[in-house]
Amino acid sequence: MKNHSVYFYEDDTFLIHKVAQFVNTGLEREETVIVVATDQHRDDLKLKLIKDEVIGLSAWNARNYVTLDASETLALFMRNGWPDEHLFLSVIGQIIQSAAAAKPVRIYGEMVAVLFAEGNSLAAIQLERLWNKLAGQRPFSLLCGYPAATFQTSDMDYAYENVCACHSAVDSRKKLAA
């Protein structure tokens, strides 16, 4: 995939700022934007987008902005703690196709971070690889978000290297740009 980025963030404020920029760019370009995140991050993002007047309250039902719960979406294709390739390609492919309406698609996802938080780093890395495989079938831009603290122990060096290798761009800024 040519546009599969990862953002490592220190705290949620930085994350919400970055994702709001990502969403805003997509909406300005009239792309379909899909956000697959935790409840808290979806709520925080909604408040940020409304505050910044990126999107009005009436637009939350718009077809080109879709939000999904990360854990619930994971449950659609995880089997015995491992992402089922066929289910992933089918389920996520259908979500993209249903939402896209022939528009370019950009996705922000936290499913991989949820897997890391559950201690399932190998499944998270496999999920990153499945995203890349899906990108060979359907065009989209993907931004993944990970708490930087996830990788701060030496036993996570292998996981960090593998996560970075799955992405075309890595952003680990720790503070907001001025």
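**Close-up views of a predicted model**

**View 1. Strand β2 and its two faces.** Thr32, Ile34 and Val36 point to one side of β2, while Val33, Val35 and Ala37 point to the other, and all of them are buried. This is a predicted model, so please read each view with that in mind. In a regular strand, side chains alternate between the two faces of the sheet.

**View 2. The neighbours of β2.** Which strands are joined to β2 by bridges? One is β6, which runs parallel to β2 and is joined to it by five bridges. Here Thr32 has Val105 of β6 as its bridge partner. Another is β3, also parallel to β2 and also joined by five bridges. In this pairing, look for Ile34 opposite Val66 of β3.

**View 3. Helix α4 from end to end.** Helix α4 covers residues 85–100, which makes 16 residues. From its first C-alpha to its last it reaches 22 Å, close to the 22 Å expected at 1.5 Å a residue. What caps the N-terminal end of α4? The cap is Asp84, with a side-chain oxygen 3.1 Å from the backbone nitrogen of His86. After the helix comes Ala101, which has a positive phi near 50°.

**View 4. The buried side of the story for α4.** The buried residues of this helix are Phe88, Leu89, Val91, Ile92, Gly93, Ile96, Ala99 and Ala100. They pack against the strands β2 (32–37), β3 (65–69) and β6 (105–109), and against the helices α3 (70–75), α5 (111–117) and α6.

View 5. The largest nonpolar core has 41 residues, and Trp131 and Tyr146 are the ones with the most contacts inside it. Helix α6, residues 121–135, gives the most to this core, contributing eight residues. Apart from it lies another core, made of 18 residues, including Leu15, Tyr65, Tyr108 and Leu143.

**View 6. Aromatic pairs.** How many aromatic pairs does the structure hold? There are 11 of them. Trp131 and Phe140 form one that is edge-to-face, with 5.7 Å centre to centre and 70° between the planes. Trp131 has a relative accessibility of 3%, so it counts as buried. Phe140 is buried too, at 8% relative accessible area. Phe151 and Tyr160 form another edge-to-face pair, at 5.6 Å centre to centre with 65° between the planes. Are these two partners buried or exposed? Phe151 counts as buried at 9% relative accessibility, whereas Tyr160 is partly exposed, with a relative accessible area of 31%. Ring pairs also link Phe151 and Tyr160 into a cluster with Phe8, Phe116 and Tyr146.

**View 7. Two loop residues with positive phi.** Glu30 sits in the loop between α1 (12–28) and β2. Although Glu30 is not a glycine, its phi is positive, about 60°. With 56% relative accessibility, Glu30 is over the 50% cut-off and therefore counts as exposed. Asn80 is found in the loop between β4 (78–79) and β5 (82–83). Asn80 also has a positive phi, near 55°, in a residue other than glycine. At 83% relative accessibility, Asn80 counts as exposed.

How values were computed
Residues numbered from 1 in each chain as written. Predicted model: local features only at pLDDT ≥ 70, side-chain atom pairs only at ≥ 80, totals over all residues. Heavy atoms only, no water. Core = buried A, V, L, I, M, F, W, Y, C linked by side-chain atoms within 4.5 Å. Buried < 20%, exposed > 50% of the residue type's maximum accessible area, 1.4 Å probe, protein only. Helix = DSSP H or I, 4+ residues; strand = E, 2+ residues; numbered from the N terminus. Expected span 1.5 Å × (residues − 1). Contact = heavy atoms within 4.5 Å. Polar contact = N/O pair within 3.5 Å; in protein donor to acceptor, adjacent residues only side chain to side chain. Pairing = 2+ DSSP bridges. Phe/Tyr/Trp six-rings, centres within 6.5 Å; stacked < 30°, edge-to-face > 60°.
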